[in-house]
Amino acid sequence: MDALEIEHLCSQLYSGSGNNDQIRTVSQRLENFVNQANCLSQCRLLLDRALTPYTQFFGATTLIKYFNSISNQSLVSFTERYELRTYILEYLYKRNSSLAPFVLAELVKLYARLTKHSWFDLNPNINTENYPFQTFTDDLLKFQIDPSHFSVALQILVAVLTEMSVPNDEEITARAFTKHRKICISFRDIKLIDIYSFAGQYLRDVIVNQKKSLGLSIDFSEYPKTIHSVQLQPDYYIVVEKLLSLGLGCLTYDFLGTGSTIHDVDISDEHQTLQVPLAWHNLIVDGSFYQLCFSYYFLFSNTTLVPLALSCLVQLSSVRRSLLNGNERLSVLNIITYGIRLIIEQPGGLLTDEKSLHEFCRLIGRLKSNAQLHELIRIDNYPLFTERLFRFTIDHLLSVHHHRSYHLSPNTLHYILSYWSKICAYLSHISKLSDSDESSTPHLLDIYVPQIVCYYIQSRLDAINTDDGLYVELFENDQTVLQQQLEMISVMSRLDYSKICALLCNYFDDIAQQYQQSNNSDTIERRFTFLIYVLGCVIGSRGITLSSLSISSDDQDLFDGELVVRVLQLMTYIQQKTSGENNQKPINTAITTSADKINSAPYSERLELAILFFFEQFRRQYIGDYGRSNKIYQVLFKHLGIADEEQLLSIFVKKLFTNLQYSIITDKLIERTVGCFNDLTHGYQSVRKLVKLDPIQYFINNHTQDLFPFLHPTSTLNHPQNSNLTVSSWSCLRTTFYSAVGRMLVYEFRYDDDDDDDRIEAFMSPFTNHCTRLVQIFKEFPDFSSLNPGQFAAMIQFNPTSASLDEIQSLIIGIARDLRGLCSSLLSKQAYNSFFNWLYPSYLPLFLKAAYVFYDRKDVYNPILKFFHELTSNRQERLGFDSTKPSAYLLFRETSNLLYIFQTKTLLHVNTTIPETDGNLFYKSKLKPIITCLEILQTCLMGNYVNFGVFQLYSDPCFDNFLQVFISILTTVKKSHLFSYPKLTLAYFSLIETFATVKIDYLANLSGPLFGYILETISEGLLSHEQTIQNACCVYLDTFLTYVFRSAKKHIASANLMTNVQEYEGLFRQILVNLLNGIIYSECKNIYTVSKPLLGLILLNENNFFTEIKQQLLYGHTQAKQAILSTALDNLMRGIDRTLKESNKENFTQNITQFRSDIQESLNVNNTELSSIPVSSSSTLPTNVPVTIAISNLIPSSSTTAPVEELMTL
């Protein structure tokens, strides 16, 4: 392609002209440009001769893609990379004003990416240790001429900071991340503190100049009496904005090199801590930078500078506590709280700018996250600070009818509520605030916090019936925002619980009276729903006791009882309205029959959901293995006649079953109901009480689809018009439902007692009826095993007369999910045997036939595979069959036949028809069943209930077919998919570990490509961050190498085995180097497991270990480090035999531990020496120094000390 053609293609691609097919074609043509051999020179020509910014953008992005590829990085010489860096700077310098912003951003990103990738590159033309790419700050000297050029220099600094701190999209492998971490730490130690000092000095100059122009004192501790909105020249304003961004970038830097970042923070960042090194101590203690940031609020109000300055304060207030002593921390707290108080007194800049208010509330919330209450009390004017913050919370944050020009984000409100909540929670684990001073300053929380709680509840109740925006905000996304806020309000409510409960009771009684009298109750229902959620969260915070200010636990239980009484009365009223009954029935009425539920629907879904939430919170505190209280039942007995936990449980269970009996019900309500029922059956005490209840006994004998319509297998259910899920989504709940039922059956039935056989048979009768019907239906189908492929293809048009294919599909899905849930709870041998005897041989073959018929329907074969995975799981050794019965072998044979059907039918179908581009369909149709098959393979191999040698002895192909399924999966799953889906990754490596333990001879003698596939995945798995995957890989390698050495010693090694070892000798060597690299530089928590295969790898590469591999490990290090590493490597094999006996491995593990200790000690010594280098101070820098001298002095151009952690070069 010539230059003009590229210009045309770039304009067509980025301007959006043309249809989708044309754009796709253009994109494919341009994507191949990066693969050209002369890509670097071609991109430079494009940048030089570009006629449009689109071509410039394409040239920059192509260069970034080129350097992102690890294979390309090694092809580009040091000279080419250094010349390209110089070229980029010259390009930015000469064309700065003419570049489009998006082109400038890409070029700056390219410069930063190039600097990072070449950070540890030595200059080959100089004998001394010289790292030219670490002198990137010298490149900024020429950008001093005017603000526009200086702005580019600052943008480069910000881009380099981001690149060094945050792993890019290509650094996702463990190897690439290890390199990123070493560069990140090196940059932190060499450059970061000086860049921060440089930004701080220039930001000080800005404030000083503005104060002088306004005639104000230049002392940073003196803030203006009124807020100002100073207008700067546009170019100068951009420079100041980028200086603030640079300072913020330094404070949000990933100091630990963990790969995490504080950019784009959300609510979860309240627990972030700024892990600055000890060298930053003087800068953090210096209060002038805090005062500097506050000054930007008072001088530049209503500008984008204020949120940036406040963000800097948020990070500074989060410095790790160990960096400052008590007096230093108090001094910093005084500065921060004084600035916060002055802003509160002049909130005009916050009420007109949403971002400024958000950052200000983050600052308040972060203040309590890093400071304790007893420290806040010691600040100057603590009573005044608390009073001002209370007024600000009430007037501007909690007030619904506010004077702000924007809608308050719930995230912003979260921070201010978290401050009050955490400061109250601190009282729950102290007896007094000061051990040395009994008359210390009162915290005043008992005065202000109850008022905040009351105002929050009152303001929401008043506004929620008319403010649709507030209602949607609180109740969308499964009430996430509402529950987060109420969790904090509930903690605050315990500070004066008697007052809050009295207020809640009054609110409830008033709304209940309005609800009964109102015909159109929609607006009142909103208030009622919100109030019930409040009651639930208040009940849920029962365990919090706020020192001596709170009432006793028994008295709290009495107040809780008053709340429970009212909710139970409301539940009774709703039930009566639902059934259309006006007469008053007792609250503990019997469970209804199916005739009462035809075309029935809940009276109010939102109230039903709120009541379920309330009882879930109540259950956690008062019912089951943890809740114990007699006081609350005194109140319940007084008002409702409920004397104990069993009666209350009976009412709750009836309510759950009533919800499940509705024939018209929303998906959210039925899902929440099943979830509550499932939670209720966890715990021995809960189940013991549940099985004694009449509703449960009634259910055990009547769990049919007539009583519970949601169990209906076909699509005859009535859905409300706003239902957004399908019937199949309800079907997924059946597994959870019958899992809860199974937990009760294990306690109720005695499976080893003949007296309970009739009861068990009665319980299984609904399943028996469904399976019997399926047996009759499948009799119409021919014997599929006798059909050839052509005959079977014609069967697609087969229509049975007794039921449609869709109806058969629904029956299969329902019964598979029901039985899977039931089987998951049968953990005893007797219960499982009873279940298996019912299932086989009468009904288990049905699922194989269904898998054969519906091989192309993922909704069918996925539940069947899941059921078989549960059926073959030997959890708690439940698969202990009678020695006189072949049940275990029959189970394995049926499982093997199912997997064989999946391999020959389903897998072949999805490989030819399902495109990878459709991610969701591809996962559900192919990868999800493959994950289940891998899990089935593992459970069968590790179940220890079948002797696999029997199948070969009697020429049964079941086990061979079983192994062939594993081979088919290996050949159909790409390695990119294997490591892109975490569930698939875990299932694969767990199976490999089990295979290595049970059948290593099979894995070792695979054909070359298959063996290489497994070994390559093992090599990648060893670099994973997941310790489970690393351990699985180590087990495989250790077992395989032990098998190889043992076979070679006994002269029984097959030719295929030795060929595999020789063919992949280089990969074994690479794995050895990677393991040693991890031991030397990584945390390596599983060193015991890693040491096992390491000895075998060394012995396998013994001829090269002390020559080639040792040279690879020493390459790129200083002479001092080479001597340390060389000595440690020589000592590694001291006292070790050339065998893989267990005793020899244990001795080698001790050597490895000593080896790592010696290496780490030497590295720590070097790190201490590096961190002790004095840091230049910026406090004495004159303000009239030119930009070029300031940058040169404040940011050293080179480092005289080698980096602590070099990248190991292979």
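Guide: Helix α14 gives the most to the lining of the largest cavity, with 4 residues. Helices here are DSSP runs of H or I with at least four residues, strands are runs of E with at least two, and both are numbered from the N terminus. A cavity is found on a 1 Å grid over the protein atoms alone, as a set of points where a 1.4 Å probe fits but cannot get out; lining residues have an atom within 4 Å of a point. This is a predicted model, in which local features need pLDDT of at least 70 and side-chain atom pairs count only at pLDDT 80 or more, while totals for chains, interfaces and linings use all residues. Residues are numbered from 1 along each chain as its sequence is written, and side-chain values use heavy atoms, with hydrogens and water left out.

The largest cavity has a volume of about 140 Å³, a volume being the space filled by probe spheres set on the points, with grid points joined across faces, edges and corners. Its lining has 14 residues, and the closest to the centre are S317, L324, R329, V332 and N370. Two elements give two or more residues to this lining: α14 (326-345) and α16 (354-370). By type, the lining divides into 9 nonpolar, 2 polar and 3 charged residues. Ala, Val, Leu, Ile, Met, Phe, Trp, Tyr, Cys and Pro count as nonpolar, Asp, Glu, Lys and Arg as charged, and the others, Gly among them, as polar. In the whole model the count comes to 5 cavities of 30 Å³ or more.

Now the surroundings. The protein has 55 helices and 0 strands. Of its 1210 residues, 56% count as buried, meaning under 20% relative accessible area, with exposed over 50% and partly exposed in between (1.4 Å probe, protein chains only). The largest nonpolar core has 396 residues, and Y296, W420, F835, I1014, Y1036 and F1040 have the most contacts inside it. Such a core is a set of buried Ala, Val, Leu, Ile, Met, Phe, Trp, Tyr and Cys residues joined through side-chain atoms within 4.5 Å. I1014 touches F966, L970, Y988, I992, L1003, L1006 and Y1036, leaving aside residues up to four places away in sequence; contact means heavy atoms within 4.5 Å.

D882 is partly exposed, because its relative accessible area is 42%.

Methods. 1 Å grid on protein atoms, 1.4 Å probe; cavity = no way out; pocket = protein on both sides within 12 Å on 5 of 7 lines; lining within 4 Å.
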